[in-house]
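Hi everyone, thanks for making time. I'd like to walk you through one structure today, so please have a look at it with me.

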Amino acid sequence: MARGIEYRSSFGWPAERVFEVLVDRDYLEERLRALGGDNELVEHAVTESGARFRINQTVRAEVIPSIARPIVGGRLVIARREEWHRQDDESFAGTVTAGAAVVPNA
């Protein structure tokens with residue numbers, strides 16, 4: 001079942017700088033490497049007014065709770081999409097969605 005949440009955050013740096021870092025291709029790829037596993041930056045586009053990217057994040061079997069392993073199997077892939085846009089000179093807003101298609105093991 002899908003659920004929405006709203007989250008706001010403030011930083012001590014200008015919004016433009018935080019945006020630049022959060023959507024930087026090198027930063028995103030390093031973040032995926034640090035997570036380990038078979039992760040992939042599938043789409044990445046940045047413009048002056050915003051950005052969008054898609055990530056496939058693989059969750060390793062050993063970190064999936066044992067009670068869930070029979071359902072998800074040995075590999076869980078979470079598809080994430082982030083879209084960011086400039087609201088004004090001092091703020092950005094974004095939408096992050098994530099989902100995983102799970103087919104129970106027979």
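Predicted model: local features only at pLDDT ≥ 70, side-chain atom pairs only at ≥ 80, totals over all residues.

Residues are numbered from 1 along each chain as its sequence is written, and side-chain values use heavy atoms, with hydrogens and water left out.

Let's start with Gln 57, which sits in strand β2, residues 50–60; strands here are DSSP runs of E, at least two residues, and helices are runs of H or I, at least four, numbered from the N terminus. Is Gln 57 buried or exposed? Its relative accessibility is 17%, so it counts as buried; the cut-offs are under 20% for buried, over 50% for exposed and partly exposed in between, with a 1.4 Å probe and protein chains only. Leaving out residues up to four places away in sequence, Gln 57 touches Leu 35, Asn 39, Leu 76, Val 77, Ile 78 and Arg 80, contact meaning heavy atoms within 4.5 Å.

Now to Leu 35, which belongs to helix α2, residues 25–35. Leu 35 counts as partly exposed because its relative accessibility is 41%. Beyond its neighbours within four places in sequence, Leu 35 contacts Gln 57 and Arg 60. From Leu 35 to Gly 73 is 38 residues in sequence and 20 Å in space, C-alpha to C-alpha.

Finally, the pocket: which element gives the most to the lining of the largest pocket? That's β4, with eight residues.
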